[in-house]
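Please look over the sequence and the structure shown below before reading on.

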Amino acid sequence: MALVLAAGGFCAAVVAMLLSRLNVSAEVLKLCLLISVPVAAVALMLAALFIYRILDDRRQIAESEQRFRRAMEDSAIGIAIVGLDGRIHETNPAFAAMLDYSKEEIEALTFFQITHPDDVQIGRETMDGIRAGTVNAFQFEKRYLKKDGTPVWAHLAGSVIRDEKSGRPLYLVSQIEDIDARKQSEARIAEAETRWNFALASAGQGVWDLDMRKGGTTYSATWVKMLGYAEGELDGDPDRWLTMIHPDDRENVAEADRAHLEGKTPFFEAEFRMRHKDGHWVWILDRGRTLERDREGRLIRAIGSLTDITQRKQAEESLIVSAAALADEKERLRVTLQSIGDAVICTDAANRITFMNPIAEKLTGVAGAEALGKTLGNVYWAVDEETGQRIGMTRPALGGSTPADQNSRAVLIRRDDTRCSIRQVVSPIMNERQEFCGLVIVFQDFTDARALQRQLAYAAAHDALTGLANRSSFIRTMEELVDRSRKAGSATPADEHHFMFIDLDHFKLVNDTGGHAAGDALLKRVAEAIRGALGPEDIIARLGGDEFAVILKSGSSAGARIAARSIIDAIRSLQFSWDGRPHAIDASIGVAPIRSGEVDEIIARADAACYAAKAAGRGCVSVAPDDNESNGQAEPPLAAAS
């Protein structure tokens, strides 16, 4: 319109000039001037106004562009102007810094080059909508690649700039926000939640959440599965769980629930049975706590956990049954140990007494109540009968096995120093891991049996009439000496032993006239006489009837002859009377050295020498010929001194 007015004014001025040249009347000219001047003035004013408006628009555009530039440059989030082909026309420092590029470097790239390969397809549908004219704004999340190739999550929000006339899309203006930290945090939370859910599921635990704002209770999938229901099937009614509790447990659970709701307990805890969907009962441990109350104290929010403790309860029931059975067995063992005739002492691994039965109290002289807890040595002290050394209690080596230790020659020394022969069996107690746990000592009073054993052993080795060694024990001693001589080789005379064979003279007359009683009495007197004539180391035996034998510990044949004459003199000097009638007896002795060879041969040589002594007139000593002597002939019998 301003251009039209200006053109009109200009035309009016031109017309006035033309009219002035033309021979137009003054009135017409004046009229034309009057019209053209206002028109020109108006036109000039309109032109000036138009020019002002143009300058103002340019100023506003410049300010707007400056604001956009400042907003783009100073923005904390990335801004990019992108062509439809993906090329980056312009970007701000924040976006370049987010990907560790310079502004110039990133503007030389396309969005496809800085997008993670797995996320290139993201936004493909958006671009199709932009080209079709159905999409003018967009937003989504994707990963970009930093300059070093490290992926970074970003939230992309943008607008489409279109041609005003054709509506054709020209370029995109996008805002890119770095959300990598948020994404990593979400991933960590998701991972933690996964581990938590896995831990709960592995432990057989579920979670319940009571929120009155949401209208009821929600249960975790683990818990509803625990009871055979589908996820969400039990959600809703906050009191439904009470109807599923076993009737015998319902009152206790309700009481615990009321106590917590009234603030009497810091948390709710109860063990009870709940009915499974198929009808059987499942033992549950329920623990929960109130999180929020309203001003009147009414419950708003509570949360808790539920644990399947069925196996634990079954194990507890089994333990109760086992404990009862163990108690019965323990009582039976206690009664048995109290009743048996053997003494029993038990210790722990530290050798402290844990049990004593009455027989053990009697034999040790210590009351059980006093002994309990004390070390074994304070109550039970056993020594070896022969050596007098204390009998140690064997503790098995680690990982090893030690059988029971039996000892039949132990002597129990009591506190009052009295002694008691015992037979003991010591057995180690080992657990299932083969660890030592203590000892069981079983012992018996063996005093009478030990005395009987000694009597039997003595009777087996001695003559019942005279108390001297009998033939069998004497032969064993001879065999030992011969074997020792054989091992030693040729012995010197000082090391020799000699064997004497003694046969009584005129003994038959005493036996015939006085009877066997007289003969037995005489034999006892003879045994005493022989023992008195010899030293304590010499061994005397009665071989049978009126035959005696001696192992002489002298070292030479001369000493043996002297000892033999002493025996003959001692027997001859006996003044034996029976029924008022005196009897005189004598003895003949044959002597043979004990050297290597056979025992029977040595006895035979001594017997032959004794026969030679009798043949020489009785009451004589005859020495058997020595195989080591050159002539090998026996010494002539020697008569005993009168």
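## A buried aspartate and its partner

Asp-209 has a relative accessible area of 18% and is therefore buried, a word used here for values under 20%, with exposed meaning over 50% and partly exposed in between, as found with a 1.4 Å probe and protein chains only. The model is predicted, so local features need pLDDT of at least 70 and side-chain atom pairs count only at pLDDT 80 or more, while totals for chains, interfaces and linings use all residues. Residues are numbered from 1 along each chain as its sequence is written, and side-chain values use heavy atoms, with hydrogens and water left out.

Which residue forms a salt bridge with Asp-209? The partner is Arg-301, and the closest N and O atoms of the two are 2.7 Å apart; a salt bridge here is a side-chain nitrogen of Lys or Arg within 4 Å of a carboxyl oxygen of Asp or Glu. This pair links distant parts of the chain, since Arg-301 belongs to strand β10 (residues 299–308) and Asp-209 to strand β6 (residues 205–211), 92 residues apart. Helices (H or I, at least four residues) and strands (E, at least two) are DSSP runs, numbered from the N terminus. Arg-301 counts as partly exposed, because its relative accessibility is 26%.

## The chain as a whole

The protein chain has 17 helices and 24 strands, and of its 642 residues 36% count as buried. Contact means heavy atoms within 4.5 Å, and among contacts between residues at least 6 apart in sequence, 51% join residues at least 24 apart. A search of the whole structure finds 36 salt bridges.

Helix α10 (residues 310–339) holds Glu-316 and Arg-312, which are 4 residues apart and so are separated by about one helical turn. Glu-316 and Lys-313 also both lie in helix α10, 3 residues apart, which is again about one turn of the helix. An α-helix has 3.6 residues a turn, so residues three or four places apart point the same way. Glu-316 forms salt bridges with Arg-312 and with Lys-313, and the table sets these beside the pair described above.

| Salt bridge | Closest N and O atoms |
|---|---|
| Arg-301 and Asp-209 | 2.7 Å |
| Glu-316 and Lys-313 | 3.7 Å |

Glu-316 is partly exposed at 30% relative accessibility, and Arg-312 is partly exposed at 34%, whereas Lys-313, at 15%, counts as buried.

Helix α9 (residues 247–261) has 15 residues, and at 1.5 Å a residue they should span 21 Å, which agrees with the 21 Å between its end C-alpha atoms; the expected span is 1.5 Å times one less than the number of residues. The buried residues of α9 are Asp-249, Val-253, Ala-254, Ala-259 and His-260, and they pack against α8 (240–243), β8 (268–275) and β9 (281–293). After α9 comes Gly-263, whose phi is positive, near 80°.

Lys-142 is placed in strand β3 (residues 137–145). Lys-142 is buried yet has no salt bridge, and the nearest side chain of opposite charge, that of Asp-119, is 7.2 Å away; in this count Lys and Arg are positive and Asp and Glu negative, while His and the chain ends are not counted. The side chain of Lys-142 does make a polar contact with the side chain of Thr-115 at 3.3 Å. A polar contact is a pair of N or O atoms within 3.5 Å; within protein, one must be able to donate a hydrogen and the other to accept it, and residues adjacent in sequence count only if both atoms are side-chain atoms.

Gln-424 lies in strand β15 (residues 419–430), and at 1% relative accessibility Gln-424 counts as buried. Its side chain makes a polar contact of 2.4 Å with the side chain of Tyr-380. Not counting residues up to four places away in sequence, the residues that Gln-424 touches include Ile-391, Met-393 and Phe-443.

Val-440 is found in strand β16 (residues 436–445) and counts as partly exposed, at 22% relative accessibility. The C-alpha atoms of Val-440 and Val-425, which are 15 residues apart along the chain, are separated by 8.1 Å. Leaving aside neighbours within four places in sequence, Val-440 is in contact with several residues, among them Val-425, Val-426 and Ile-429.
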